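Dear colleague,

I am handing over the structure that we spoke about, and below it you will find what I noted. Please read the notes with the structure open beside you.

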Amino acid sequence: MDSIKKLREITHSSIALCKKALEETGGDIEKAILKLKKSSEALAEKKIGRSTGSGVVEAYIHGNKKVGVLLELRCETDFVARTDKFQSLAHDIALHIAGMKPIYISQDKVPEDAKKEAESIFKEEAHRQAQGKPDLTEKILEGKMNAHFKDNSLLSQPFVKDQSLSVEELIKQNSGNFGEKIEVVRFSRFEL
């Protein structure tokens, strides 16, 4: 029971899942953690096509009253949306947005005009670094653009409270724990 309790505290998974993971790994907590992480991610992947009809709008205002965030975090049911854990997740993501200043939700949701603007900025730099070799210029340009949009996309940023997780991995873990699809629909960050 102590191992189940410890595993539950670490992973926030249900008692039944913790017990099953420990049984399958012969009581090895480290292996059980990995097993639960993989199963949570797999469960989150299964839920990708489902619709999110409920959720919360989280407002975060930093203590200096100069930074604020509005976040729309969606889930499938009102039951999950009303839980303290879901609302805490929304708060943590809003806090992350306030501190890390992402511009986009994800790399695949970057508008075309932003891609063209970044390309025009990085093209000259890539050309200089490649010393006039066209095939190398393209690879450098692609690398610079990927790095730029990864750094400025919420889901690919390392989570501010746990740098070992990306925000996307945090959402997938919680999606697996809740048994529902969770998604960031939109956010706005304001700063004076």
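A residue is called buried when its relative accessible area is under 20%, exposed when it is over 50%, and partly exposed in between (1.4 Å probe, protein chains only). This is a predicted model, in which local features need pLDDT of at least 70 and side-chain atom pairs count only at pLDDT 80 or more, while totals for chains, interfaces and linings use all residues. Residues are numbered from 1 along each chain as its sequence is written, and side-chain values use heavy atoms, with hydrogens and water left out.

Helices (H or I, at least four residues) and strands (E, at least two) are DSSP runs numbered from the N terminus. In helix H6 the buried residues are Ala114, Ala118, Phe122, Ala126 and Ala130, and helix H7 (134–151) is included in what covers them. At Phe122, H6 bends by about 35°, the bend being the angle between axes fitted to the seven residues ending there and the seven starting there. Just after H6, Gln131 takes a positive phi of about 55°.

A nonpolar core is a set of buried Ala, Val, Leu, Ile, Met, Phe, Trp, Tyr and Cys residues joined through side-chain atoms within 4.5 Å. The largest one has 28 residues, of which Leu71, Leu73, Phe86, Ile93, Ile182 and Val184 touch the most other members. Helix H5 (84–100) is one of the elements that each supply at least two residues of this core, and H5 gives the most, with seven residues. Apart from this core lies another, of 11 residues, among them Tyr104, Val110, Ala126 and Leu141.

With best wishes

Methods. Contact = heavy atoms within 4.5 Å.
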